[in-house]
Amino acid sequence: LPLFQPFKRFGPSSSAVRAIVLSPSTHIAAMPRHHKRRQTDELSRHQREAVKSSWGKVAALGVEEVGVMLFKEIFATAPEALQLFSFRGETDLYKSSRLQSHVTKVVSAVGMVVARLDDKAGLSSALSALGQRHAFAGLEEVHFNVVGQALISTLKAGLGTAFTHDLETAWAALYSIIQKTMLQEISTMKTLLDSVVSCGEAVKSSHAASSATPTTASDNDSSDLAMPPVSAFTRQPRIEVEPMRDGTIVEGKICLSTPVMATRLAVPEKQAAQQVDQRDHDTPDDWVKRHPDMVRLTGRHPFNSEPPLRKLQEAGWVTPAALHVVRNHGAVPKLSWNTHRLQVSGVPRSCDLSMDELASGKVGPVVSIPVTFICAGNRRKEQNMTKKTIGFNWGAGAVANSVWTGVRLCDVLAYLGITKVSEQHQYVHFEGPLGELPQGSTGSYGTSIAMGWALDRERDVLLAFKQNGEPLTPDHGAPLRTLLPGCIGGRMIKWLTKMSVSDKPSENHYHFFDNRVLPPHVDAELATAEGWWFKPEYIINHININSAMFEPRHNAFIPLGGSCTHPTMKVSGYAYVGGGLKIIRAEISLDGGKSWEIADLTRPEDEIAAARGTDKHWCWAWWETEVEASRLRSCKEICCRAVDSNQNMQPAHLTWNVMGMMNNCLFRIKVHPMKDSSGVSGVWFEHPTMPGNEKGGWMTEDAGKFDPEQAALALPGHRGAAPKRSVAAVWSSGAAVESVASKTASDVMLAGGSAKASAQAGRLVTSKPEWLTNGIPMEEVSKHSDEKSAWIVVKGRVYDCTPYLEDHPGGASSILLVAGQEATEDFEAVHSKKAWGQLEDYYIGPLRNRSVPSAPVVAPAPQDEAFLKKQAQPLPLIEKITVSQDTRIFRFGLPSPNARLGLPTGMHMLLKAKVGGATVMRPYSPMTDDTTRGHVDLLVKVY
């Protein structure tokens, strides 16, 4: 909207800011894509009526009342703006006659635009006239921001619940029209003000100078306000006008911070306990209510806990706060929303911020974002069963997903006067309450992050005060905590009390002695003796890729006989990764990791990320598949793994570290045969461990012990049919890859289908009945050895490849090299399963004499004759020249010193050899040309 605030000229420059106007860019971007073009051009009748009606209700409060509300919102958004104005000693800003004059003009301008909504030509003319006013000279999109955010807050305050999402969309459409017209009129003015908000001592000194020497207002500017020179301002990053998303639950859903398209996410109902657990009596936490199903990992106190995997799965993609993983180093502090203050130091504007100030949007827009929280110790018990670490036994449930509501750290820092990294502003420190913990000089839990990270809006670092639309519970940091998406839980400070900025990282005890992954040879004593705790390269921040299985559950049983047998069994789990990356694939293996089968992936965050306009993914993915029950008879274990968008993949085996953190090896479930009480045969499943001190797990001393009291039937697959996805390759125990494609296609496909295939020719060629019935003699095959007719023999079957010469990916020459000959070895060496399937389209009949003649003996070539023939010939390696660590020149000898290779420049030769009993054939282009006599050189990269 053309909200303008005339300012005095300052200095000799004519490029002074004359107004603040509202930017619609982010609001129009928030609309559904199919509405954007229409709403950018004009408003619908419904939208015009909504805007006029809503403005009429707000304007009914009175011009001065609305204007003062608006300017209060401006100064709440950017308090430093107060320093830009001089009211000649008047102490009550909001009673100033000059301010009232300004706000009256602002509100009148709004009314003028709204009144002309039904007159398209009149509205355009009015906007053009406003854009040509001297007061708007030099404006650009950056000047729309502060007032834009303030206007939204004013409308919400004036209308309350009547300010609906549809109404906000209608105002956004109006903003687009106004901005488009206004910017066209003022586009010739190039000089811009660096920022609307001043910060630091430069502004204070400049303001003092401007107060001491008042400037003279222009005749066109009826204002007594003075501003400091442009040099007094510090460049600020562009601040987008972002709607408030305060986590309010409407019909079970929360409106997320998604500027591209409005998005709501369903959140679970509260499952909080109604009373204090008996186990918390006589502990410092005897006032905290906790869910009775949470598994306690460190006894009664302190409370470190995770939900059973079954409960975590049943809760759904968004986890209730009561079933969310908890990591407490000590007693939960009793903090109150009303009295709690965040103490901020080391910034240009040190202050104490109340919870109401943070939640009001004063220091920045309140946002709501779904983020998965992961403890770095997730799956630590597997490490403890290998060798004891210094940590307690987390199972696979130290992960949860919630919608978090708060203020972005970058906005808070901008409010405090920091918008870029500087020599003295390099790290942001966070601390919990003093004396909370027994260790460290202050007894507080603290850490720090780099300033570049803190200021990066894409990283979505929050000071959070809500979880799933409800105020934080005591165990989760009430009333205020930090939230660092994509990072380990140990870098997030609960009960946030202090925040400071420094040129050095935190020296808090827990910043050094917690959350590190040290090399596997380093135990606790060596780490202390050699100072490993203080090596910065071993600190961990971003979570690594990981996955685990919900189902089949530990102690689950599936019958493989009798009336209860289901054709398939459900296999499901979760996967996550840090750094904003995305899980792109989840797989299972039923043969110990030799081959892998892809699962169906569920990523609800895809739509959310698109609506946010980012490629960052902060949430876990869920996956599911089903396997044929009959396959479980011979299965020894089921394992899973995940792959992210950077192609990171879980390792096959565990790597121990002294803190037992970031364990992400393949999650393996053992499969054991057994009979149930009625004598029905089946199998039962055993997870690697159970959390805390719970019994069970194939890595524990209870390995192989079925617990009937904890038994349950494994769930059948939803479809009742396993996915038909063929496996590409199987990793053999001899550390070689056996191509399933070649083996299955040649031995199984051809053998299984030969009877049927022999009765008719392939669909792309013609044959003769006698060829199909009696076979084709090799003498006939040998006649078809050029581009006019190219036949080959593969596994005793004759194929006419002539129609495929032009389409062959390797060129016609690859086929012509073996045309008229036995080509089984050559074909097996280089072709895929797809090629074997295509081959049958060119079948013309069986070879009459299945015995394959031995390869003809090739006489040595005359001295000036080309060496290369269609038949393979032996070449002796006469010299190996080392070029570099991984590059060699292999020199092969020709039959005589004067012999030449006979290969035109730019073409390749085929080398064939037996490797591990299989034929391997590869093309190479020699580095020597046909003028070289007696030898041929190949430049080869060796691995």
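D282 is exposed, because its relative accessibility is 76% (buried means under 20% relative accessible area, exposed over 50% and partly exposed in between, with a 1.4 Å probe and protein chains only). The structure is a predicted model, in which local features need pLDDT of at least 70, side-chain atom pairs count only at pLDDT 80 or more, and totals for chains, interfaces and linings use all residues. Residues are numbered from 1 along each chain as its sequence is written, and side-chain values use heavy atoms, with hydrogens and water left out.

**Overall make-up**

- The protein has 23 helices and 39 strands (helices, H or I, of at least four residues and strands, E, of at least two are DSSP runs, numbered from the N terminus).
- Of the 943 residues in the protein, 51% are buried.
- Among contacts between residues at least 6 apart in sequence, 71% join residues at least 24 apart (contact means heavy atoms within 4.5 Å).

- D282 has a phi near 65°, a positive value in a residue other than glycine, and is found in the loop between β3 (264-266) and β4 (295-296).
- D460 is not a glycine either, yet its phi is positive at about 55°.
- The loop between α14 (451-455) and β13 (462-467) holds D460, and this residue is buried, with a relative accessible area of 2%.

**A three-stranded sheet**

- Three strands form an open sheet in the order β35-β36-β39, with antiparallel pairing (two strands pair if DSSP finds at least two bridges between them).
- The edges are β35 (877-884) and β39 (935-941); each has a single partner strand, so one side of each is left without a neighbour in the sheet.
- On average, neighbouring strands of this sheet are turned by 20° against each other, direction ignored (axes are lines fitted to C-alpha atoms, for helices over the stretch in contact, and angles run from 0 to 180 degrees between N-to-C directions).
- β35 and β36 (residues 887-893) run antiparallel and are joined by six bridges; E879 stands opposite R891 in β36.

**Aromatic rings**

- The count of aromatic pairs is 17 (rings of Phe, Tyr and Trp, the last by its six-membered ring, pair if their centres lie within 6.5 Å; planes under 30 degrees apart count as stacked, over 60 as edge-to-face and the rest as tilted).
- F513 and W533 form a tilted pair, because their ring centres are 5.8 Å apart and their planes stand at 50°.
- F513 lies in helix α15 (residues 509-513) and W533 in the loop between α16 (524-529) and β17 (546-551), so the pair ties together parts that are 20 residues apart in sequence.
- F513 is partly exposed at 31% relative accessibility, whereas W533 is buried at 5% relative accessible area.
- A cluster linked by ring pairs contains F550, Y574, Y576, W620 and W622.

**Charges over rings**

- R380 lies over the face of F392, at 5.7 Å from the ring centre (a charge sits over a ring if NZ of Lys or CZ of Arg is within 6 Å of the ring centre and within 35 degrees of the ring normal).
- R797 lies over the face of Y843, at 4.1 Å from the ring centre.

**Cis peptide bonds**

- A478 and P479 are joined by a cis peptide bond with omega about 5°, and P479 is in the loop between β14 (470-471) and β15 (481-483).
- Another cis peptide bond joins E551 and P552, with omega about 5°; P552 lies in the loop between β17 and β18 (556-559).
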